[in-house]
Amino acid sequence: MENSDFIEQFVDKLCNKKCITYEICPDKSASIMPIITKIQSAGLDKGIIDGFVCTDSPLARLKLHSGMASIRLQQALQKPLICTISMRDRNSLALSAELLGLNDFDIRIFLALSGDPLKLGDQPQAKAVFEGNSLRILELIAALNQGLDLNAGALQSAVKRIYGFSVINSYAKKMELLRKKMESKICANALGLFTQPIYDIEVAKLLHEWLHSLNYQHNKRCVLMQGFFPITSFKRALFLHQKIPDVFVPQLWLETLEKASLKGTQYEKQKGMEMSIKLFAQLYGYSPKIHFMNHNAVKNAKTILNSIQ
């Protein structure tokens with residue numbers, strides 16, 4: 001099967017059927033091969049995961065280039081790759097050139113981000129690019145699919161179809177602002193929105209309610225991939241709760257994991273896995289579209305994924 005075939009089939013599955021994606025985070029390294037070996041050793045490339053998402057220097061920390069890593073990953077794992085691409089590091093000229101180059105390697109599915117601010121990262125000398133946000137990337141993808149650049153100049157040869165997705169937070173202090181961000185991305189023709197981790201089924205229901213309403217209002221068919229990140233320690237839960245303003249961790253999780261931590265690391269991890277497996281089943285049962293994130297901890301991922309088979 002050619003890459004072009006399984007890419008189209010994957011996009012159809014993501015938009016219309018059950019779908020599970022798994023996030024891969026490249027290291028600050030010149031090789032993605034150690035991570036490929038981990039994934040293959042755990043059998044994640046042979047299991048129920050339908051496609052992989054390669055991150056683009058999250059938290060503005062230097063990592064292997066997402067596009068180059070995506071080429072290697074797709075070739076080695078024989079599963080479609082969604083390449084994360086951020087506006088923070090590139091202007092539209094650089095982005096255009098990158099998308100055209102990756103198209104020739106059949107990297108044609110992109111997750112558009114504005115990008116985490118550089119102040120969070122490990123490269124204080126770097127300068128951010130302020131040409132736009134993630135909507136600019138979706139605009140660029142639309143133009144390239146029409147055989148044009150952003151100045152309406154014709155391409156010498158047509159691209160193989162490019163598919164654009166974007167991200168959405170799962171929580172905000174002012175939820176109406178979050179709804180407006182969702183609307184802007186739906187109107188920018190994002191095929192789907194990948195959420196930040198969700199820890200409350202009621203939050204998932206609310207996001208889906210908004211999605212259905214906005215799709216109907218604007219005559220769109222955008223889908224929602226529910227973000228899932230297992231929590232296996234009180235320290236991790238507290239970090240997400242206090243340091244990541246776009247994520248809501250319920251008090252029950254914090255209290256349960258804090259008590260578990262007093263009984264030892266092993267018990268704490270066991271309790272976190274139990275809660276995470278239950279949450280995964282809830283989310284998957286409500287809507288079987290899940291984006292699984294856990295910083296390449298493939299053994300934990302396999303345990304949770306096996307729980308629904």
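Glu274 comes out as partly exposed at 39% relative accessibility, on a scale where buried means under 20% relative accessible area, exposed over 50%, and partly exposed in between (1.4 Å probe, protein chains only). Its partner is Lys271, and the two side chains meet in a salt bridge at 3.8 Å, N to O; the term covers a side-chain nitrogen of Lys or Arg within 4 Å of a carboxyl oxygen of Asp or Glu. Lys271 is partly exposed too, with a relative accessible area of 25%. Both residues sit in helix H10 (residues 265-286), 3 residues apart, so about one helical turn separates them. Helices (H or I, at least four residues) and strands (E, at least two) are DSSP runs, numbered from the N terminus.

The model is a predicted one, so local features need pLDDT of at least 70 and side-chain atom pairs count only at pLDDT 80 or more, while totals for chains, interfaces and linings use all residues. Residues are numbered from 1 along each chain as its sequence is written, and side-chain values use heavy atoms, with hydrogens and water left out.

By the salt-bridge rule, the count is 13. One of them joins Glu8 and Arg108 at 3.0 Å, N to O. That pair ties together distant parts of the chain, 100 residues apart: Glu8 lies in helix H1 (residues 3-16), Arg108 in the loop between helix H4 (92-103) and strand S4 (109-113). Arg108 is buried at 2%, whereas Glu8 is partly exposed at 30%. Both belong to a salt-bridge network that also takes in Asp106 and Lys160.

Lys17 and Asp12 make another such contact, at 3.3 Å, N to O. Lys17 is partly exposed at 47%, as is Asp12 at 33%.
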